[in-house]
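Welcome, and please open your viewer.

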Amino acid sequence: MNSIKMITALGTPLTAEEQLHIPGLEAQINDQLAHGINGFLVAGTMGLMQLLTDDTYRQLVEQSVRLNAGKAELLVGVGDTSFVRTCDRIRMVEDFAIDGVVVLSPYFVKFSQEDLIDYFHALADVSSKPLYLYDLPQTTGTKLEVETVMKLAEHPNIHGIKCSDHFVTIRPVIDVPDDEFRVIVAQPNLMDVLLRSGVREHLDGIYVLVPEWIEKMVAASETENWAELSLVQQDLSELLRLLQSFSAPLFATVTALLNMRGIPGNFAPRPIRCLTSAEHSQLVEFPIVQKIFAGKTISSVDV
């Protein structure tokens, strides 16, 4: 996976006491690396940084660096609700061997675009690591407008953006001929279209569940096997539909699927509830879940 960048947003495996489950983290990272994943986002939305204690967060970064051992690019989510809180996050992690910090727009309080420009400029000034913007208006309630992104891209320590909003909102930035500013898209339902059109950097949390499918998508793209790429995309989109429509909470469903994959830990901290036994039985009967585990032994690891 040299020409195409696939970055997995890792989940955070926890013990029953909601401390870091190190064997679960190791199993998850090794599973991704074994399928050619060449980037990780630690403590992003999938990692639920905001639900972790500071000690668990720091240990998550430290152990991710150790277990990754420089094999893949390692980015760390640091975005919090204010400048001082995000600065504290940056200070917590910047001494580790990471490749950059990823900053959400501040949430809880609404901010103007001018506020956001000042916020990200100030953070980029104080960070010793490359800083990446993170546009997730569905969660933060604040949209990073194209004009704002273009202004921020001029800062020497703002190296790119991870965009989880609809692709059309970031397309104008991609069209600007600037090889120094990375646009990393999170569009798991459009990966076949975007890969075929030349978009080379992708990031999402669903990769944790099916890294072998992502590996197939890269291989199909590099050989221009568009029919194969489309087939894998259909499966990926079907899995996404299941995750979005299933009766149990998303992170509880992810926990069940990862545990079935042999990756221990609870990826759904309280107050997120676990699957009921009936939901678990229903989950394993879905055809797309059976397709994930076809030819594999379904594990019964403990959370």
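**Stop one: His-202**

Select His-202 and show its surroundings: not counting residues up to four places away in sequence, His-202 touches Lys-5, Met-6, Ile-7, Ile-184, Val-185, Met-191, Leu-194, Leu-195 and Tyr-207, where contact means heavy atoms within 4.5 Å. Before going further, note that this is a predicted model, in which local features need pLDDT of at least 70, side-chain atom pairs count only at pLDDT 80 or more, and totals for chains, interfaces and linings use all residues. Residues are numbered from 1 along each chain as its sequence is written, and side-chain values use heavy atoms, with hydrogens and water left out.

His-202 is found in strand S8; strands (E, at least two residues) and helices (H or I, at least four) are DSSP runs numbered from the N terminus. Is His-202 buried or exposed? His-202 has 0% relative accessibility and therefore counts as buried (buried is under 20% relative accessible area, exposed over 50%, partly exposed in between, with a 1.4 Å probe and protein chains only). Now follow the side chain of His-202 to the backbone oxygen of Val-199, which it reaches at 2.8 Å.

**Stop two: Glu-201**

Next, select Glu-201, which lies in strand S8 (residues 201–204). Glu-201 is buried, with a relative accessible area of 16%. Its contacts, leaving aside neighbours within four places in sequence, are Lys-5, Arg-182, Val-183, Ile-184 and Val-185. Zoom in on Arg-182: its side chain makes a polar contact with the side chain of Glu-201 at 2.6 Å. A polar contact is a pair of N or O atoms within 3.5 Å; within protein, one must be able to donate a hydrogen and the other to accept it, and residues adjacent in sequence count only if both atoms are side-chain atoms.

**Stop three: H9 and H10**

Now show helix H9 (residues 211–222) and helix H10 (residues 226–245), whose axes come within 8 Å and cross at roughly 155 degrees. Axes are lines fitted to C-alpha atoms, for helices over the stretch in contact, and angles run from 0 to 180 degrees between N-to-C directions. H9 and H10 are therefore roughly antiparallel to each other (the angle is over 145 degrees). To see the side chains that meet, select Trp-213, Ile-214, Lys-216, Met-217, Ala-220 and Ser-221 in H9, then Trp-226, Glu-228, Leu-229, Val-232, Gln-233, Asp-235, Leu-236 and Leu-239 in H10.

**Last stop: Gly-262**

Finally, select Gly-262 in the loop between helix H11 (250–260) and helix H12 (277–285). Gly-262 counts as partly exposed, at 28% relative accessibility.

Definitions and conventions: Parallel < 35°, antiparallel > 145°, perpendicular 65-115°, else oblique.
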